[in-house]
Amino acid sequence: MKKKTVCFVGNPNVGKSSLFNILTNKNQHTGNWTGKTVENEFAEFVYKDTHWTVVDLPGTYSLIGESKEEKIASEFVASQNYDLAVIIADSTNLERSMQMILEVLDITNKVIVVLNLIDEAQIRKIKINVNLLKQKLNVPIVLMSTKERKGIIELCEEMQKFTETPSFFKKHSEKIEHYFAQIEPYFPEKKRGFFLRCLTNEDYLKQYETEETHQIFHFYKNYISRIEIMESYRLISQNLLKNVINREEEVEKTADKRWTKFLTNKKTGIPFLFLLLFFLLWLTIYFSNIPSDILFQFFQKGEYWLQKMLSFLPEYILNPLIYGGYRTLYWVVSVMLPPMMIFFPLFAILEDYGLLPRIAFNLDKPFQKCGSCGKQSLTMCMGLGCNAVGVTGSRIMESRKMRILSILTNVFMPCNGRFPAMISVISMFFIKDHSILGSMYSAFILSLIIVFGIFLTFIITKLLSFFLLKDEKPMFLFEMPSFRMPKLWVSIKQAWVEKAFHVLKRAMIVSFPAGIFLYFLANTSISGVSIFELCSKLLNPFAMLIGLDGIILLAFILGLPANEIVIPIILLGYCSTGVLTNYESLESLKSILIQHGWTFTTALCFLIFSLCHFPCATTLLTIKKETNSWFYTILAFFIPTLVGITICFFIHLLG
Amino acid sequence: MEKKASELQMGESGEIMKISVEEPKKFKLMHFGVVPGSIITALYQSPFHDPTAYRVFGCVFAMREEDAKQIMVRI
């Protein structure tokens, strides 16, 4: 079997990742907003007699820019470590995609152009003369609609039978042609894209410059700006597209227009977003109760069988495994899995539909006032799923300052690991009945807590932007893709496979050993008092000051590896048996808590401290990786903790 | 008549004449198709009146007033 490598290049949000997923059966998540893919993704598929390795490059508008994605993408394209480059272009905006096509064609001739979203272009009556374009570019062109799954086989066929043809000659601006004439004799085998890249990329230049060429390179580096290169490409593209695109009869989707008006209207925009958040949470809370109970019962039965099966083991091994590891594990799974299975898909549908850019648009002004920009709300949305994801996602922020701000404040969005504990505390202490109305009320309170988190994000961002990296100026230029009705099942499946199971797996990997560790803490005693008790007693005086108690605070500390295990640890602490109790009902849980002195104030302090405390270990490690600085990692640990302690202190004082 | 892009009424279009935005932003704007000669249309505003969404060719994007002020258009 032949082995070949193909890379996918293209503008953001034109369906590169969708095509990648269709071809390779992967479930890489594709959101309807710019900059979803920030790293090269690899996968493989077999078509006929060829084994293809596909590399999905981050979406970029150009290969000569300075952003992280542009560097990653251009690095790969320039390396020429592939047999074929497939450029995915947007049929509804070919004017822009052409830039990319031309840039790639200046580096390699091994190119196939895909015109994706061709169905949408047809609906909008944008006319494209494909034959003329093919003639002019002299490369194969495939029409595609990844949504309708059209053009996939055609692309595979083209890839299979591809033979390199010389690219057409692109006459650049006079300045640039001058530069080519000077430098080309020194590198007769190099293509023109290489020379342009040398002007825009310092590292690249250093690799190639010699004594002879040093002067030429440096002269032109100062003489030809990035903008001029872009401008030159634009002129070529303009000439090329003459008679290719006809927008005379273009129509706008009126439904889209009205809906956008509603979403961004002064009176309806923000309230609608709040209602949406509320509705999302309510669905999650309401529909996860029953599956949660079923899971608990299932695992409790499982415990019985497991015990029987493993009864040959001595007690000192069996007990930690069952009462420590297994019980913590099933607590975490039963509590986390149902809400995640509901929340993640719902959120994914909204994301794929294209709602997120509108949120960023609506919230830009407040963020602007705080020294950041609306894109931060996107990272916050990601944080709602998992803070580590939100931290990584902060790469979409353009300047380092904004990235740091967004990373440091991400923890104020309660992630899915913290939701379940918060929901159960709300339903125990804030509502009386558990009907639909009751669950609506808990959803409302949870929404308020999230709004409070948003409020804190604003304040902390504002404060930090005073002290941190004052010089940089934030910018907000952000694309607003048109709404696209997602394929529901695809979105749901992706959310389950990509996110829910991923997060759950992480929680499970942490919770089993953590459970065993806890068991030993609770069952190893020093002069008659278990280590667990000792620690909680030590913490107690301080914890009382902030409206909690030693055990709760210890639970938060021990919950550092994964926030999901906080409630199980609290219960372990209260039930002096040294093992985690079996879950019976919310009522029995409540009575245990009340017996140990929980009041409404304790519950409120618990909620606030859940919202504002140090991020989990995974998130901290991600922060270290992303900022490459211990200073910011430590800040990320202390800022939310201090905020939480302060607020709880005052709640306790007043309550 | 010439005016700033930030002064366009919602729904109004103009031909871009001059862009005085600075480098990294200018670069990004070029990606959106904001170059002299393109037609730019103001579409709608955010609830807080800033930023505003504009369209150039098939691309809709959000731009803050401070940047839109530095783009001159002819109607």
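In the predicted model, a salt bridge links A:K365 to B:D50, with the closest N and O atoms 3.8 Å apart. This pair belongs to an interface of chain A and chain B across which 2 salt bridges are found, alongside 5 residue pairs in polar contact, both residues of each pair being at pLDDT 80 or more. On the side of chain A that touches chain B, at least two residues each are supplied by α3 (94-105), α11 (226-241), α12 (254-264), α15 (356-369) and β9 of chain A, and the largest share, 7 residues, comes from α15(A).

Taken as a whole, the interface brings 43 residues of chain A into contact with 33 residues of chain B. The area buried between chain A and chain B amounts to about 3,300 Å², and carbon and sulfur atoms give 63% of that area. Of the area that chain A buries against chain B, 20% is supplied by A:I227, A:F361 and A:L477, which is more than any other three residues supply.

The two chains also share an open sheet, in which 7 strands with antiparallel pairing follow the order β9(A)-β5(B)-β4(B)-β3(B)-β2(B)-β6(B)-β1(B). Within the part contributed by chain B, strand β3 (residues 39-45) runs antiparallel to strand β4 (residues 52-56), the two being joined by 5 bridges, and B:Y44 stands opposite B:A53 in β4(B). Helix α1 (residues 23-32) of chain B lies across β9 of chain A as well as β2 (13-19), β4, β5 (59-63) and β6 (71-74) of chain B, and its direction is at about 20° to that of β9(A).

Elsewhere in chain A, residue A:I531 is placed in helix α22 (residues 531-545). When residues up to four places away in sequence are not counted, A:I531 touches A:L521, A:T524 and A:I526. The C-alpha atoms of A:I531 and A:L521, which are 10 residues apart along the chain, are separated by 5.4 Å.

Methods: Residues numbered from 1 in each chain as written. Chains lettered and ligands numbered in written order. Predicted model: local features only at pLDDT ≥ 70, side-chain atom pairs only at ≥ 80, totals over all residues. Heavy atoms only, no water. Pairing = 2+ DSSP bridges. Helix = DSSP H or I, 4+ residues; strand = E, 2+ residues; numbered from the N terminus. Contact = heavy atoms within 4.5 Å. Axes fitted to C-alpha atoms, helices over the stretch in contact; angles between N-to-C directions. Buried area = accessible area lost by both parts, 1.4 Å probe. Salt bridge = Lys/Arg side-chain N within 4 Å of Asp/Glu carboxyl O. Polar contact = N/O pair within 3.5 Å; in protein donor to acceptor, adjacent residues only side chain to side chain.
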